[in-house]
Amino acid sequence: LVKAMWTSPGRLADLKASAISVQEEPAQTCDKCAAWKPERGHHCSTCGECTLKMDHHCHWISSCVGFRNYKFFFLFVVYGTLTQVFTEVLLIFALVTKAPAGFEAWDYAAMAC
C-alpha cells in the first residue's frame, strides 16, 4: 500500500515528450489542461493532471493508478484478497474444530472474556 501511495502514477508533467515513444501522428493536447499527452494519457478530474496509462483515481491510495504504480496497486489488491481468504479459512477451521455440538449450547458469556 505504501509503495503504491508513494510511487508517482506517471504524471505527464514529470515526463518529457522525447522520453516517450510517439508515433508519427500529430501531437495531441489535453482539452482540460492544454498539456501535451500521448495516446494513452488521460486527464484525472480529481487530481487535475494528466496521467500516462491512467486506470482510475483511487481514494485508498489518494492518487491515480497509472503506468508507474499499477504493479504496486495490483499487488496490494491481491495480497489483501489472499489475507482475507486466509483469515476466513482460519475462522471457519476454528469454529468447526472448537465448537460444541450445537450453536444453542455455546456459552456466550464465557466467549466474551
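Tutor: Accessible areas come from the Shrake-Rupley method with a 1.4 Å probe, and for residues only the protein chains shown count as cover. This is a predicted model, in which local features need pLDDT of at least 70 and side-chain atom pairs count only at pLDDT 80 or more, whereas totals for chains, interfaces and linings use all residues. Residues are numbered from 1 along each chain as its sequence is written, and side-chain values use heavy atoms, with hydrogens and water left out.

Student: What share of the accessible surface of the chain belongs to carbon and sulfur atoms?

Tutor: The accessible surface of the chain comes to about 8600 Å². The part that belongs to carbon and sulfur atoms is 61%.

Student: In what order do the elements of the chain run from the N terminus?

Tutor: Helices (H or I, at least four residues) and strands (E, at least two) are DSSP runs, numbered from the N terminus. The chain has three helices and six strands. Their order is α-β-β-β-β-β-β-α-α.

Student: How is the pair of Tyr70 and Phe74 classed, and why?

Tutor: Rings of Phe, Tyr and Trp (its six-membered ring) pair if their centres lie within 6.5 Å; planes under 30 degrees apart count as stacked, over 60 as edge-to-face and the rest as tilted. The structure holds two aromatic pairs. In the pair of Tyr70 and Phe74, the ring centres are 6.5 Å apart and the planes stand at 15°, so the class is stacked.

Student: Which helix holds both Tyr70 and Phe74?

Tutor: The two residues are four residues apart, about one turn of the helix. The helix spans residues 70–98 and is α2.

Student: How is the pair of Phe73 and Phe76 classed?

Tutor: Phe73 and Phe76 also lie in helix α2, three residues apart. Their ring centres are 6.3 Å apart and their planes are at 50°, so the pair is tilted.

Student: Is Phe73 buried or exposed?

Tutor: Buried means under 20% relative accessible area, exposed over 50%, and partly exposed in between (1.4 Å probe, protein chains only). Phe76, at 25%, is partly exposed. Phe73 has 13% relative accessibility and therefore counts as buried.

Student: How does Phe74 count at 47% relative accessibility?

Tutor: Tyr70, its partner in the stacked pair, is partly exposed at 42%. Phe74, at 47%, likewise counts as partly exposed.

Student: What percentage of the 113 residues in the chain is buried?

Tutor: The count covers the 113 residues of the chain. The buried share is 25%.
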